[in-house]
Protein chains: 2
Amino acid sequence: MAEIQWHKLGAYLKETQILGSIQSTLYWDQNTGMPKRGASWRSEQLTYIAKILHKRNSSEKFSDLIRAAQDELLNSAENSESQVLIQSKKRNIELLIKEFNRQKNLDPKLVEALAKAKSKGYESWQEAKRKSNFKIFLPFFDELIKLRIEEAKQITDKYRPWETLAQPFEPDITLEWLNKVFKPLKETIPYLLGDLNESEKTHWDLSVQSQQNLCSKLLDEFGRDEDMVVVAKSPHPFSITLGPEDYRITTRVVEGEPFSSFLATAHEWGHSIYEQGLPSQSHQWFAWPLGQATSMGVHESQSLFWENRIVKSKSFSKRFFKHFAYEGCPLNNHLELWKSINHLKAGLNRVEADELSYGLHILIRTELEIDLIEGGLEPKDIPSEWNKKYEELLGIRPSNDAEGCLQDVHWSEGAFGYFPSYLLGHLISAQISSQMENEIGLIDNLVENGEYEKIISWLKNNIHNYGRSVNSMELVRNVTREELTPNYFLNHLKSKIKDFC
Amino acid sequence: MAEIQWHKLGAYLKETQILGSIQSTLYWDQNTGMPKRGASWRSEQLTYIAKILHKRNSSEKFSDLIRAAQDELLNSAENSESQVLIQSKKRNIELLIKEFNRQKNLDPKLVEALAKAKSKGYESWQEAKRKSNFKIFLPFFDELIKLRIEEAKQITDKYRPWETLAQPFEPDITLEWLNKVFKPLKETIPYLLGDLNESEKTHWDLSVQSQQNLCSKLLDEFGRDEDMVVVAKSPHPFSITLGPEDYRITTRVVEGEPFSSFLATAHEWGHSIYEQGLPSQSHQWFAWPLGQATSMGVHESQSLFWENRIVKSKSFSKRFFKHFAYEGCPLNNHLELWKSINHLKAGLNRVEADELSYGLHILIRTELEIDLIEGGLEPKDIPSEWNKKYEELLGIRPSNDAEGCLQDVHWSEGAFGYFPSYLLGHLISAQISSQMENEIGLIDNLVENGEYEKIISWLKNNIHNYGRSVNSMELVRNVTREELTPNYFLNHLKSKIKDFC
């Protein structure tokens, strides 16, 4: 089969990929190494790359290349090539067209303004958080919201603006569907929280060095390849892929939270191992959409799986207690470690939250940002609305903006529509875990025997390898033979509470 | 005065600057953070940027912009604008034309091949050095040399290829001039070395943490702004500017060499403070040639000044002894510290070399690379020739390639013509120091009183601020009222030896 057009399109996509990975490298450096005063020039660099990328992704030339490859594919579909290959090629083209249609309607001036606003937003958020003063962030936040609504409107009028902004993270998401999936959670979790026998957390901590040692041991235990996966520190933990064999993870040490960096490392490892398992390395689809993650909900399901199903399991505490003891952890045995790492108590911080209250943190953010984008809520009212909702749902009230509405980085970069992915991730992780246990045995047993490879291999074969060849909800259905439901997650929570009391 | 064309050219240059600084950021990350297996994709990114940069720097459009700005300048030269401003504008145009002429003759294919070869060269050099096996590096080295000779030939036939390759580092350098300046050094230094009462070095070391603490204290002492200058570790220390307010320094800890990271930090600080003093920040010339360093010889003079004139001075040892003692250094007093940090003894390693034998390390490299480029020497013979010269000039012989011809990074990236800058830097530093002492008093007194600001301010006003408005040799003449001569450096060496014995 002639593949001239196909390869031309591939070469074009590869250049886009190179530029995209340069953008990611600048972002990585911005968060892990750049001095404070470098921010303004970095913003110029990122704006420049965003401009070129948008130009490439919405150019006449790109559109022509896609069309030519599509024609070539249709004309040759009759011949000897395998149906599987043809199907995946078709899916690639379909996804490219979808993405192209998103980009082509955007005014290049808006794209440039957005890149600048994201950079300024991030910068002002950092200062606002440091000084715990939302007002410093407000004008930039306001601008970001306006620009993103404008973006959504330029992209399509088929969906509501919030839906349009959320779809790059979760394809086809709608407000109606989300409401249906989240409603049982909002109804149930506050009651579960109320049922808890509140136990006070015992206060202890580990030195920065000890926490680093434990994170290293954790990654060794999971089988990290040091030549491919690098760890650094950043204000907000994240995971990013900078090339087909270049994976980066960050973590941070939080005073008084001895598990914080450890759980963040497990979480980011989950993201990274998903990316490592995508059909992108040494594979013909590299640079093509099928080599990408299918949705951020699935991405989060992978990180939450390692954080909550693996590291918070009883058998993991049993395996790892000796390392904690060695580093000077004052707990007496692995059961105490398990209780401590699973401590269930509503707090103000999302990243440090337990599995039970985590969902509420997300529900609050989701409701607020939908309200912001869909017009009911003024940005200036965020602090008071935030605090009110925390009081209502979690029974606690932030004493300042830093521990309240300024805690997360997402909005500072204009990332609306992302938060639900975390909670969808919890649901997907729970539903998938159940299926995994049906197929290869209880996670507790696997962890007890250190069979991480078996777990990774199952995830690879059932989730990672699919890339974007199927949508997230289709993936869940294929793997678990059921639509996504909150039931597995709620059952998991209930059984944990029972275990705990 | 109408400045329409001038501003258009400025906007073009700024975009080039953005791209160049992105390239530098990728380079920084490659050396400080990237996992090993990221190398191949990084090479693709760097090749891509090199291609765009070359295209921009040799495009018809750029040429037209320069010409239009030049015309505008000539037509308006009569009117009210100050002569100083017009002169600097003319100088900017002159430098742009010179650089453009270098670029325009290059075949884009060669540019791409060179970027790839540099990346592969660096990669294979790392492996070759680790395994101490020059043969691993040889084929890539061979390719690099061929490509760089080809490059030199494409640029001009007015100069010998080595001269053409060296001129971006040292404008107008010729083999004849270099030979004249270096000859007295080659004749004198081996004798000075012979005069030494060889004292054995006492062996001691400091922990990695202690060395890091000392480096931090050193930078604090010098007045580093932490919001603008960041320090990291890399296999080979370097300094790089990533934006008008974003300066990076690297250092490394060498086992058994307790001063290595400390001296490297002082050295890289010198580079960085030069860049910080260039007329590039908040200045109309940013992105214009006048905002750049005038030559690598001058650059090295600044780093060597801080390393050798400041940190190796008696009064610095007096000031800093307490910090070394605190970190567990076993020396008994500041005089012992001074003797130890100034220990004069021919060794195999350039970076760890004392001031006396340093020049010989450079003379050897300079002779070898001139021979390589000008055709007398086969790349495969480098290890044996290298070892022979070390035996002849320094009286010692490397026992393997890692401690011999593979020790430096420069050739691995095809940087021929750079090494002489180090030795020119020594000469310039000595000559400038003498003038500085005439004007603001003995360095020893300034350091004793911690008057670093006074030193920095003198350097800024007499060297840094000039950027590329004058050539290096013109700068030396302006500041010291004398042509560059090896005499100041040789006198400095002789007086140190006297002090020492």
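Q: How do you know that domain 1 of chain A and domain 2 of chain A touch, and how many residues are in contact?
A: Two residues are in contact if their C-beta atoms, placed from the backbone, lie within 7 Å. By that rule, 40 residues of domain 1 of chain A are in contact with 35 residues of domain 2 of chain A. This is a predicted model, in which local features need pLDDT of at least 70 and side-chain atom pairs count only at pLDDT 80 or more, while totals for chains, interfaces and linings use all residues. Residues are numbered from 1 along each chain as its sequence is written, and chains are lettered from A and ligands numbered from 1 in the order in which they are written.

Q: What makes up the side of domain 1 of chain A that touches domain 2 of chain A?
A: Helices (H or I, at least four residues) and strands (E, at least two) are DSSP runs, numbered from the N terminus. The elements giving two or more residues to this side are α1 (4-32), α4 (83-104), α5 (108-130), α6 (134-155) and α7 (161-166) of chain A. With ten residues, α1(A) gives the most. Count Ala, Val, Leu, Ile, Met, Phe, Trp, Tyr, Cys and Pro as nonpolar, Asp, Glu, Lys and Arg as charged, and the others, Gly among them, as polar. This side then has 20 nonpolar, twelve polar and eight charged residues.

Q: Why is strand β3 of chain A called largely enclosed?
A: A residue is buried if 20 or more other C-beta atoms lie within 10 Å of its own, exposed if 12 or fewer, and partly exposed in between. Six of the six residues of β3(A) (residues 246-251) are buried, so the strand is largely enclosed by the rest of the structure. You can check both faces: Asp246(A), Arg248(A) and Thr250(A) are buried on one side, and Tyr247(A), Ile249(A) and Thr251(A) on the other.

Q: How do you know which strands pair with β3(A)?
A: Two strands pair if DSSP finds at least two bridges between them. Five bridges join β1 (residues 229-233) of chain A to β3(A), running parallel, and Val231(A) stands opposite Ile249(A). Four bridges join β2 (residues 239-243) of chain A to β3(A), running antiparallel, and here Ile240(A) stands opposite Arg248(A). Two residues lie between β2(A) and β3(A), which form a hairpin.

Q: Why do β1 and β2 of chain B count as edge strands?
A: Chain B has an open sheet of three strands in the order β1-β3-β2, with mixed pairing. Each of β1 and β2 has a single partner strand, so one side of each is left without a neighbour in the sheet. Between β1(B) and β3(B) there are five bridges in the parallel sense, and Ala232(B) stands opposite Thr250(B).

Q: What makes the relation between chain A and chain B that of a two-fold axis?
A: Copies are superposed by least squares on the C-alpha atoms of residues with pLDDT of at least 70 in both. Chain B can be laid on chain A with an RMSD of 0.0 Å by a turn of 180° and a shift of 0.0 Å along the axis. That is the relation of a two-fold axis. The same surface serves both copies, as 100% of the contact residues of chain B recur in chain A.

Q: How many residues of chain B are in contact with chain A, and which element gives the largest share?
A: 28 residues of chain B are in contact with 28 residues of chain A. The largest share of chain B's side, seven residues, comes from α1(B).
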